[in-house]
Amino acid sequence: MKRTTLSLIAAGAALAAITSVAAVAAPEEGPATAGRAAQQPVERSSLLCPAPSSSELAETTYTAYTPKTEVSAGSGTAALVPAARALADKDGKGDKGEKDGEGKGEKDGKEAKPFLAVKKQGTPVTAEENGSGAPALIGLAEGGLAPGWSAQQTTVFPAGAGRGLHGLGCSAPDTDFWFPGASTAEDRSDYLHLTNPDDSAAVVDIELHGKDGALDSEVGEGIQVPPGSSVPVLLSTLTGKPQTNLTVHVSARSGRVAAAVQALDAKLGGDWIAPSAEPSDSVVLPGIPKDATAVRLVAFAPGSADADLKVSLAGPNGALAPAGHETLHLKSGMTTAVDLGELTRGEAGSLVLTPSGDSGKTPVVAAVRVLRGKGADQESAFIPAARPVGDRATVTGNAAKGTHLALTAPGKAAKVRVTASAGAEGGTPATKTYSVGAGRTLAAAIPVPDSLKGTYALTVETVSGGPVHASRTLTLSGDEADGVPMFTVQNLTDDRGTVTVPAARPEMRVLLD
């Protein structure tokens, strides 16, 4: 099934980025500042959201937000557009020749109305779409609405495979992704969604690594992702033998894509699996819920060397080693899975993996699958290894009830500032500062906006101290979830609001695309 997406403007010269490309446009006139590098607000950023569901029963809410930024408070645009509609507009075809369900451009080549557009800093916007028609979206933000622009899609599956709450932060295109925790087991239907924002086709290789090493699959080599399209790939079609625990490696040999895995389980619900942080010798998996009934750690060493890791759970009172799982040995190129049971036991915590003894610093990737509930009422979500919050991280789609924030300082103690924005339909922002102890996880009491109406956004800023890792959990319960403890977890990572430009050229305008 093909879903098209709008082509985005590729940036020119690369500065530096992890999940996106930073580029410079022609400099504007202004004084040069010599002697040290300068932080500059980005002036263009892009986001891609895969199609959330093929189920007619699904209910999807999209949210978008740009935080207030003193250094970039000017005017700008930030809009998400349904994929096929955007391409139709670019080609000047309007809705001519478009098939039902693949987007509706304006006639006579007129520009289509955005599906979801941020109007000003500090106020989130929302849109809803139900059934299988909920579109893949592409977005471009420019000017004062580009720094920190973030978006989220949240879908309720009331029944069927994958039943539960599925959440995913929309992401920028990149060229390399790791997904520990995927599966081709009989009860699982995992789809890898690849979205190409550019004018030319992307060529992608998909590698599957099981418990015994790489799986032979010529089908996964050289997959074409057409220009401006979103392509779902059913992982079980890439290999003949079911694998309960997999690590998926996605690499673009040409072009760029956004990638995410949607895990649909016939018995345990489902959720999106976001990419793990890039391979590192130490990783943090933040915000495992306090009422988790089962936690499975899936880890992988992609290099040529084995890895020996120390496993610890950073809780509210310090770090403890899970009984019987104090260390973990990873054989190079082989996926290792460990069931940790009811790990948190009433207190939210974060798993921290670090090199053990003199084992060396071998890069690894990791994720955990978390279950809540018992028996037939179980639901699952995934937490991949997270990058630090950095200067500021933003997450949208929060509600007055059922929103939980976990903050972890795996090394030095830290101080962070959390701001809850005004609601999409009204309210007053609220801010609170927290201290996070060294090696601890804090379940923060979120400062809910006064007179809140609608969903709101959260920003987390590092004020002082060591790196902080964070995640946000959304929950549904009671009648709205038919008795199933539905939940989804998203990591908070740097929202790319600013980048460092060379000392000799602080006046350069920065683009993230």
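Are F177 and F179 buried or exposed? F177 is buried, and F179 is buried too. Buried stands for a relative accessible area under 20%, exposed for one over 50%, and partly exposed for values in between, with a 1.4 Å probe and protein chains only. The model is predicted, with local features needing pLDDT of at least 70 and side-chain atom pairs counted only at pLDDT 80 or more, while totals for chains, interfaces and linings use all residues. Residues are numbered from 1 along each chain as its sequence is written, and side-chain values use heavy atoms, leaving out hydrogens and water.

**Figure 1. Overview of the chain.** The chain contains 1 helix and 40 strands. Helices (H or I, at least four residues) and strands (E, at least two) are DSSP runs, numbered from the N terminus. Of its 513 residues, 55% count as buried. Among contacts with a separation of 6 or more, 81% are made by residues 24 or more positions apart; a contact means heavy atoms within 4.5 Å.

**Figure 2. Aromatic pairs.** The whole structure has 3 aromatic pairs. Rings of Phe, Tyr and Trp (its six-membered ring) pair if their centres lie within 6.5 Å; planes under 30 degrees apart count as stacked, over 60 as edge-to-face and the rest as tilted. The ring centres of F177 and F179 are 6.4 Å apart and the planes lie at 15°, so this pair is stacked. W178 and F300 form a tilted pair, with 5.6 Å from centre to centre and 35° between the planes. This second pair links distant parts of the chain, since W178 belongs to strand β11 (residues 176-182) and F300 to strand β21 (residues 294-300), 122 residues apart. W178 and F300 are both buried.

**Figure 3. A charge over a ring.** The charged end of R372 sits over the ring of F487, at 5.1 Å from the ring centre. This label applies if NZ of Lys or CZ of Arg is within 6 Å of the ring centre and within 35 degrees of the ring normal.

**Figure 4. Nonpolar cores.** The largest nonpolar core has 29 residues, and I288, L351 and V368 have the most contacts inside it. Such a core is a set of buried Ala, Val, Leu, Ile, Met, Phe, Trp, Tyr and Cys residues joined through side-chain atoms within 4.5 Å. Strand β22 (residues 307-315) gives the largest share of this core, 4 residues. Beyond its neighbours within four places in sequence, V368 has contacts that include L285, I288, L351 and F382. Another core lies apart from the largest one and has 25 residues, including L235, L238, V248 and V257.

**Figure 5. Salt bridges.** Side chains of opposite charge can pair when their charged atoms come close. The structure holds 12 salt bridges, each a side-chain nitrogen of Lys or Arg within 4 Å of a carboxyl oxygen of Asp or Glu. In one of them, D198 pairs with R256, and the closest N and O atoms are 2.8 Å apart. D198 is in the loop between β12 (188-196) and β13 (202-210), and R256 is in the loop between β17 (246-254) and β18 (258-265), 58 residues apart. D198 and R256 are both buried. R253 and D205 also meet in a salt bridge, 2.7 Å from N to O. R253 lies in strand β17 and D205 in strand β13, so the pair ties together parts 48 residues apart in sequence. R253 is exposed, at a relative accessible area of 54%, whereas D205 is buried, at 16%.

**Figure 6. Surroundings of T175.** T175 is in the loop between β10 (164-169) and β11. Its relative accessible area is 35%, so T175 is partly exposed. Leaving aside neighbours within four places in sequence, T175 is in contact with V250, S251, A252, G255 and R256.

**Figure 7. Two residues with positive phi.** Most residues other than glycine have a negative phi. R345, which is not a glycine, has a positive phi of about 50°. R345 is in the loop between β25 and β26 (349-355) and is exposed, with a relative accessible area of 67%. R496 also has a positive phi, near 60°. R496 is in the loop between β38 (486-492) and β39 (498-501) and is buried, with a relative accessible area of 14%.
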